[in-house]
Amino acid sequence: MIKLTPVERAALRAEAHGLKPVVMIGEAGLTPAVIKEIELGLDAHGLIKVRVFGDDREARAGMYDTICEQLDAAPVQHIGKLLVLYRPKKEVEKERSTKAGKGMRMVTIVKPSASGTKKPSVNKVLLKGNERVTEGGTIKRAKVRQKSTKKSSLA
């Protein structure tokens, strides 16, 4: 189980406030399928909420401890029927696809301030293969090339 400092736990509680529950535990309890779904949620999001539909508080606390031990997650908060869990995301390197064509590229856009007295704004943007940056700093998508109706009818 991961140990969190009180400051880290408070920051995670604040971050989890706006989240909706990712996994719901029903009357069947903590089945292997439910544990797998919680693990997938932790891998994808890192911080998740789990709702337990059951009235027994000791059973919910037991489930909370079991989940944290089995999945190597940190308990963040247990309020009523909501459990908040945290596990750092694993960095996975994606392999480049073999298909031809331009991929995504990172571009830095620098726009001067309107008044000229303030610092210029700097934005890093991820562009797709068919997008370009204009002189004004806006992103435009390439237009589809028009096809001649005469040429297509002759072929």
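**Helix packing, sheet and overall form**

Helix α2 passes helix α3 in a right-handed crossing, that is, the near helix is turned clockwise from the far one by less than a right angle. Helices here are DSSP runs of H or I with at least four residues, strands are runs of E with at least two, and both are numbered from the N terminus. The model is predicted, so local features need pLDDT of at least 70 and side-chain atom pairs count only at pLDDT 80 or more, while totals for chains, interfaces and linings use all residues. Residues are numbered from 1 along each chain as its sequence is written, and side-chain values use heavy atoms, with hydrogens and water left out.

Two packed helices are described by the angle between their axes and the distance between the axes. For α2 (residues 32-45) and α3 (residues 57-71) the angle is about 65° and the axes are 11 Å apart. Axes are lines fitted to C-alpha atoms, for helices over the stretch in contact, and angles run from 0 to 180 degrees between N-to-C directions. On the α2 side the contact (heavy atoms within 4.5 Å) is made by Ile 35, Ile 38, Glu 39 and Leu 42, and on the α3 side by Ile 67, Gln 70 and Leu 71.

The sheet comes next. It is open, has 4 strands in the order β1-β2-β4-β3, and its pairing is mixed; two strands pair if DSSP finds at least two bridges between them. Strands β1 (23-25) and β3 stand at the edges with a single partner strand each, so one side of each has no neighbour in the sheet. Direction ignored, neighbouring strands are turned by 25° against each other on average.

α2 lies across β1, β2 (47-52) and β4 and runs at about 155° to β2. α3 touches β1, β2, β3 and β4, and its direction makes about 160° with that of β3.

Strands β3 (residues 74-79) and β4 (residues 82-86) run antiparallel and are joined by 5 bridges. Gln 77 stands opposite Val 84, and His 78 stands opposite Leu 83. The hairpin has 2 residues between its strands, and Gly 80 takes a positive phi near 60° there.

Finally, the whole chain. It holds 4 helices and 8 strands. Its radius of gyration, taken over C-alpha atoms, is 25 Å, well over the 15 Å that the globule rule (2.2 Å times the number of residues to the power 0.38) gives for 155 residues, so the chain is more spread out than a compact globule. Along the principal axes, the C-alpha atoms fill a box of roughly 75 × 55 × 25 Å.
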